[in-house]
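Dear colleague,

Please find below the structure that I am handing over to you. The findings follow directly after it.

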Amino acid sequence: MTGRVAIVSGGIGGLGTAICVALARCGRRVIAVDLDRGDAVDTFRDAAAGLDIDFRPLDVTDFGACGASMRAIESEFGSLDILVNAAGITRDVTLRKMDKLQWDAVMGVNLDGVFNLCRHAVDGMISRGFGRIVNISSVNGQTGQFGQTNYSASKAGMHGFTMALAREVARKGVTVNSISPGYCATPMVMAMADDVRAAIVQSVPVGRLGTAEEIARTVEFLTADDAGFITGANIPVNGGLFMSF
Ligand code: CAA
């Protein structure tokens, strides 16, 4: 069904904007929620031009603000059918040097943010008998990564959350899945040291970084009306960097 209402957290970020564009192009009414980050909002508006995509400033670490924002969107747009949790940050540093703020910041956005939005989304989805939740995790939540105890823990936590919630809402027409992107050409990955990134790309079987559009394609697939039998799953989109079954 076209006209489904989709919220994308981190919607003005590297993966988020591509996800908004992909969903809008297949007939979704999209609302990007994110911090109001000046220049990034301008870039987002350029990408969203001509498409049914709105922007609402939101700090996903604020539980109350998430509730207020979701209620406002639900009442303005008449529904909330798809939730994509793509808000994520890194504070890469080895554990011996990591301070509490670096730990809390990453857990707050990457994991608390998922709880804060899902908690306010599921009741409406259940009552309408339809919902699609997609949590954007990471290959580094599956393998762990040097210098990312905070990030890897938050992304692995998203998998547990996804599977548990998937069980709770499976009989209500709501699916909950995660995607584990590998290294994609986003500002987050391009901010890494060039030599560290080059060494990682070298080890990727397809021999290149992924694109945000390749992740967005997977979100489009999982959020389709006829994807109702896929739930509690994790879809790796990593160029073969980590193969498992
Ligand atoms: N593997 C093995 N050893 C490493 C290493 C690595 N990847 N990185 C650093 N080291 C070594 C250093 O050579 C150094 O060794 P010595 O003590 O013998 O000199 C030691 O570990 C400590 O290094 P640093 O003092 O530089 O450590 P640091 O805490 O300042 O920071 C780091 C290290 C910059 C985080 C580095 O480990 C790194 O870049 N890691 C990769 C992080 C990464 O992949 N980030 C991805 C961001 S994008 C993303 O996350 C998106 C996604 O989902 C895929």
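This is a predicted model: local features need pLDDT of at least 70, side-chain atom pairs count only at pLDDT 80 or more; totals for chains, interfaces and linings use all residues.

Serine 180 itself is part of strand S6, which covers residues 174-181. Its relative accessibility is 0%, so serine 180 counts as buried.

Serine 154 is located in helix H6, residues 149-169. Is serine 154 buried or exposed? Serine 154 is buried, because its relative accessible area is 0% and the cut-off for a buried residue is under 20%. Apart from neighbours within four places in sequence, the contacts of serine 154 are with Val106, Met107, Asn110 and Leu111. Between serine 154 and serine 137, which are 17 residues apart along the chain, the C-alpha distance is 8.4 Å.

I turn next to the ligand. The ligand is surrounded by 19 residues, of which the closest are Asp92, Thr94, Lys97, Ser138 and Tyr151. By type, the residues of this shell comprise 9 nonpolar, 8 polar and 2 charged. Two helices, H7 (187-190) and H8 (194-202), each contribute at least two residues to the shell.

- Lysine 97: an N or O atom of its side chain is 2.7 Å from a ligand oxygen.
- Glutamine 145: a polar side-chain atom is 2.9 Å from an oxygen atom of the ligand.
- Glutamine 148: a polar side-chain atom is 3.0 Å from an oxygen atom of the ligand.

The ligand taken alone exposes 1,000 Å², and the protein buries 57% of that area.

In helix H2, residues 38-48, the buried residues are Val41, Phe44 and Ala48. Viewed down the axis of H2, these buried residues fall within an arc of 60 degrees, and they therefore line one face of the helix. The exposed residues Asp39, Thr43 and Asp46 are on the other side of H2. Which elements cover the buried residues of H2? The cover includes helix H1 (14-25), strand S2 (29-34) and strand S3 (53-57). After H2 comes glycine 50, which has a positive phi near 85 degrees.

Helix H9 spans residues 212-222, and its buried residues are Ala212, Ile215, Ala216, Thr218, Val219 and Leu222. Down the axis of H9 these buried residues fall within an arc of 155 degrees, so they line one face of the helix. Glu213 and Arg217 are exposed on the other side of H9. The buried residues of H9 pack against helix H1 and against strands S4 (82-85), S5 (131-136), S6 and S7 (234-237). Strand S6 is the strand in which serine 180 lies.

With kind regards

Definitions and conventions:
Residues are numbered from 1 along each chain as its sequence is written. Side-chain values use heavy atoms; hydrogens and water are left out. Helices (H or I, at least four residues) and strands (E, at least two) are DSSP runs, numbered from the N terminus. Buried means under 20% relative accessible area, exposed over 50%, partly exposed in between (1.4 Å probe, protein chains only). A residue is near a molecule or strand if one of its heavy atoms lies within 4 Å of it. A polar contact is a pair of N or O atoms within 3.5 Å; within protein, one must be able to donate a hydrogen and the other to accept it, and residues adjacent in sequence count only if both atoms are side-chain atoms. Accessible areas come from the Shrake-Rupley method with a 1.4 Å probe; for residues, only the protein chains shown count as cover. Ala, Val, Leu, Ile, Met, Phe, Trp, Tyr, Cys and Pro count as nonpolar, Asp, Glu, Lys and Arg as charged, and the others, Gly among them, as polar. The arc is that of the directions from the helix axis to the C-beta atoms. Contact means heavy atoms within 4.5 Å.
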